Every structure is written in structure tokens, then in C-alpha cells.
Amino acid sequence: MGRAGSGSRDAGMVTSEYAMGLIAAVGFAALLYEVLTSGQVRGFLQDIVGRALSGSF
């Protein structure tokens, strides 16, 4: 039984892979934010919440 990582393939991500994953996650979050704060979606969500609070489903 040898040391961890000696002679074996690297099972983790390297720094550049973490950076690319972070950039992709931030891009997706920005896109999701834009969609959710658009006027049409905002009105739709407010309508759902208003109907839920008034009890008329």
C-alpha cells in the first residue's frame, strides 16, 4: 500500500477546471437572474403568489 496519489491517476479537479466550473456557474446564475427579473416572469410570479395568499387557486 503506497502513499495516496503515488503512481495513480489524479481523481480531483485541477485549478483550471475549478476556474472554468466557477465561470460557468456564475454565467448560469446571471442568466437565471435576468430571466427571473424580466417583466413578464416577474408578473407571472407575482400573480402566483397573490393567488396563493388570497386562497384562490
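Me: How many salt bridges does the structure hold?
Reply: This is a predicted model, in which local features need pLDDT of at least 70 and side-chain atom pairs count only at pLDDT 80 or more, while totals for chains, interfaces and linings use all residues. Residues are numbered from 1 along each chain as its sequence is written, and side-chain values use heavy atoms, with hydrogens and water left out. A salt bridge is a side-chain nitrogen of Lys or Arg within 4 Å of a carboxyl oxygen of Asp or Glu. The number of salt bridges in the structure is one.

Me: Is Asp 47 buried, partly exposed or exposed?
Reply: Buried means under 20% relative accessible area, exposed means over 50%, and partly exposed lies in between, with a 1.4 Å probe and protein chains only. The relative accessible area of Asp 47 is 40%. Asp 47 is therefore partly exposed.

Me: What percentage of the 57 residues in the protein chain is buried?
Reply: Arg 51, at 35% relative accessibility, counts as partly exposed, and so does Leu 32 in helix 1, at 40%. For the protein chain, the buried share of the 57 residues is 0%.

Me: Which helix gives the most to the nonpolar patch?
Reply: A nonpolar patch joins Val, Leu, Ile, Met, Phe, Trp or Tyr side chains within 5 Å, from residues with over 30% relative accessible area and no salt bridge. The patch here covers about 750 Å² and includes Phe 28, Leu 32 and Phe 44. Helix 1 (15–36) and helix 2 each give two or more residues to the patch. With five residues, the one that gives the most is helix 1.

Key. Patches are made of residues with over 30% relative accessible area and no salt bridge: like charges are joined within 9 Å, nonpolar side chains (Val, Leu, Ile, Met, Phe, Trp, Tyr) within 5 Å. Accessible areas come from the Shrake-Rupley method with a 1.4 Å probe; for residues, only the protein chains shown count as cover. Helices (H or I, at least four residues) and strands (E, at least two) are DSSP runs, numbered from the N terminus.
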